[in-house]
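Trainee: Could we take a close look at how the inside of this protein is put together? I would like to follow it slowly, from one part to the next.

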Amino acid sequence: MDTKLIITVAPTGSVPRKKHTPHVPVTTAEIAADALRCEKAGASVLHIHTRDESQNPSDDPRRFRDVVRALDGRTNLILQISTGGRAGTDLESRRQRLSAGAEMASLTTGSVNFPNSAYVNPPDLIRGLAEEMQRRAIKPEVEVFDLAMLHNAIDLMRAGLLQPPVHFNFVMGLKGAMPARVEHLAHLKTFLPVDSTWSVSGIAAAQLPMAVHAILMGGHVRVGLEDNIYFRKGELATNAMLVERIVEISRMLGRPVAAPDEARQILGLRRRT
Ligand code: ZN
């Protein structure tokens, strides 16, 4: 395991509210402060969602810009904007988030059912977002909720809309999508294009075991309250606690953790000025 481990933290997401856990950051100031704590703990990528005054997922590109600005000059974290559509939006509003000034953005290459809704990403929308990322030199993180999405991304590569090396994130354990099974992970890995990098987001109780599998299999890890609010059964986590635990486990397993600039090198990013 020569490659250092990239830890992405997804602190906010679209689902957890303060009533579920007081530790979820929802305002710009809270997200920025939590990001700095997570960077100190060992994270190198920050996956950003924003919320409105009622804690609902916000689609307002200004809020994404606010988070990026709030961190400007204070962090070396790689900022990654979510282009996810739980805020219930169309291509144009999702595309506008890409003007926030982040180095990376998520790109989900297909549609999937969530527990109580459908997460709809039609082909035109996927291509539109991929084109805009290319235009702005933003590196996509391809979000894979099932096997078809991996192959859709390979098609996008063939069409010149994704540039290798492509970075994938396998979301596993979300009800309605791909179960969190190491067998599935091994299978997905088989089809990855050469030179790709990949990480795993295990949902809820699957976060820790899937992270450990990924560390051992040469992948990278995403943790955070977006995917899981518990440290262990019955005990709420903070984002920094979840990052710290991965750092500790990875070190114990003999795999050092990447600092942000090392993560940039692994992902083939150039620092944006
Ligand atoms: Zn997200």
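Trainee: Which residues of the largest nonpolar core touch the most other members?

Mentor: This is a predicted model, in which local features need pLDDT of at least 70 and side-chain atom pairs count only at pLDDT 80 or more, while totals for chains, interfaces and linings use all residues. Residues are numbered from 1 along each chain as its sequence is written, and side-chain values use heavy atoms, with hydrogens and water left out.

The residues you ask about are Val144, Phe145, Phe168, Phe170 and Val243, in a core of 77 residues; a nonpolar core here is a set of buried Ala, Val, Leu, Ile, Met, Phe, Trp, Tyr and Cys residues joined through side-chain atoms within 4.5 Å, and buried stands for under 20% relative accessible area, exposed for over 50% and partly exposed for what lies in between, with a 1.4 Å probe and protein chains only. If we set aside residues up to four places away in sequence, phenylalanine 170 touches Val144, Met178, Leu185, Leu188, Leu192, Trp198, Ser199, Val200 and Ser201, where contact is heavy atoms within 4.5 Å. There is also a second, separate core of eight residues, and among them are Ala258, Ala263, Leu267 and Leu269.

Val243 leads us to helix H8, where it is buried along with Asn239, Ala240, Leu242, Arg245, Ile246, Val247, Ile249 and Ser250; helices (H or I, at least four residues) and strands (E, at least two) are DSSP runs, numbered from the N terminus. The cover over the buried residues of H8 includes strand S1, helix H1, helix H7, strand S10 and strand S11. Glutamate 244 is also found in H8, which spans residues 239-252, but glutamate 244 is partly exposed because its relative accessibility is 43%. After H8 comes glycine 254, with a positive phi near 85 degrees.

Buried in H1 are Ile31, Ala32, Asp34, Ala35, Cys38, Glu39 and Ala41, and they pack against S1, S2, H2, H8 and helix H9. In an α-helix there are 3.6 residues a turn, so residues three or four places apart point the same way. Following H1 is glycine 42, whose phi is positive and near 130 degrees.

Strand S2 (residues 45-48), one of the elements packed against H1, runs parallel to S3 and is joined to it by four bridges; two strands pair if DSSP finds at least two bridges between them. Isoleucine 81 in S3 is the bridge partner of isoleucine 48. On S3 (residues 78-81), Ile78 and Gln80 point one way, Leu79 and Ile81 point the other way, and all are buried. On its other pairing, S3 meets strand S4 (residues 104-108) in the parallel sense over two bridges, and there glutamine 80 stands opposite methionine 104.

Finally, the zinc ion has as its protein donors His47 (NE2), His49 (NE2) and Glu226 (OE), which lie 2.0 to 2.1 Å from it; donors are N, O and S atoms within 2.8 Å of the metal (3.2 Å for Na, K and Ca), and water is not among the atoms, so sites may look incomplete. Both histidine 47 and histidine 49 are buried.
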